[in-house]
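Me: Please take a close look at the pockets here, and describe what lines them.

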Amino acid sequence: MFNKILAIGLDGFRIDESCWEQIKKRARKVVSLSINAPIDKELDADCLLVDVLVNVDDKLISKFPNLVYIGVFGVGYGRVDAKAAFNRNIVVTNIPGAITESVAEFAIAVILAQIRDLEKARKQAREGNYSESGFAATELKGKVFGVFGLGRIGRRVAELASGFNADVRYWSRERKEGFVYSDIDDLLTDSDFVSINFALNRDTKGFFDSKMIMAFKPDAVVVNTSPMELFDIKALDKRLSKNNLTFIFDHSDEVKPEDLKMLARHQNCIIYPPIAYISKEAKAKKQEIFVKNLDSFIEGKAENTVR
């Protein structure tokens, strides 16, 4: 059992009351704060639970002399200095696998919505116009579908795209079985559809630089369900200005307001709220793993650790 758990950014809808009750049983005291709330009175915590949007750098970690555990409520842990935590013998865990199906289905769904012009169709029908005149569409079948990052989510996206008989290819840092491997340059220039599935870390931040963004195949549809820190935003803005690329993303809550405004002016940039991970099944699984991670650490056999 922990002496004191400090939860940051997990208030509101993110965690159900039943899950909070489970968390409270794992500590003598639990304090929950919003992301921007002062923490000076809570520095005696030995357990820190944070949302993926919370920045936990070495400076913050050093303020907690008793800290032994950091639990991230999500897959991505790029905002946690896991190396600094490791150097201080602090365990960091995340929640892998819980949102795989939800995010993968979202990636395919927004592609289908785009290539079948569903938003226009719905709007037109609401206005009482049921004519098919003026509509055009394309199919996934036979198209080159490039997947960057063949982890849990990337693999599931690839499986779903294969179900549409797309020509699925991938690039990952390590070659994996099940799909056709392609080098980066070929995947950029050959793919009609692109799904990006990288976790944010030191190696992936800024991965898609100006050269790579300009190399996307003309008229490709790119779906990014990863943090936008992977992209050079100014270079992306420049490519979108050419009007020969459709870019879709949902991590809009993590983008600087000025960058979001810049991207939103492009009709070929489709911006969603951060909803890819949201499904009742994913939420239940996330909470289950979150609590299980606490139990595993308390029992001396930490699971889902990251560095």
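Reply: **Pockets and their linings**

In the second largest pocket, 17 residues form the lining, and Q114, D219, A220, V221 and T246 lie nearest its centre. Two or more lining residues come from each of α4, β10 (220-224) and β11 (245-249) (helices, H or I, at least four residues, and strands, E, at least two, are DSSP runs numbered from the N terminus). A pocket here is an open set of points on a 1 Å grid over the protein atoms alone where a 1.4 Å probe fits, with protein on both sides within 12 Å along at least five of seven lines; lining residues have an atom within 4 Å of a point.

The model is predicted, with local features needing pLDDT of at least 70 and side-chain atom pairs pLDDT 80 or more, whereas totals for chains, interfaces and linings use all residues. Residues are numbered from 1 along each chain as its sequence is written, and side-chain values use heavy atoms, without hydrogens and water.

The second largest pocket has a volume of about 370 Å³, the space filled by probe spheres set on points joined across faces, edges and corners. Its lining comprises 6 nonpolar, 8 polar and 3 charged residues (Asp, Glu, Lys and Arg are charged; Ala, Val, Leu, Ile, Met, Phe, Trp, Tyr, Cys and Pro nonpolar; the others, Gly among them, polar).

The largest pocket holds about 1200 Å³ of space. Its lining has 49 residues, with V75, G76, N197, F198 and A199 closest to the centre. Both α4 (100-115) and α6 (152-163) give two or more residues to this lining, and α6 provides the largest share, 3 residues. By class, the lining of the largest pocket has 21 nonpolar, 16 polar and 12 charged residues. The largest pocket lies between domain 1 (2-94 + 281-306) and domain 2 (99-271), because both give residues to its lining; the domain bounds come from an automatic or database assignment.
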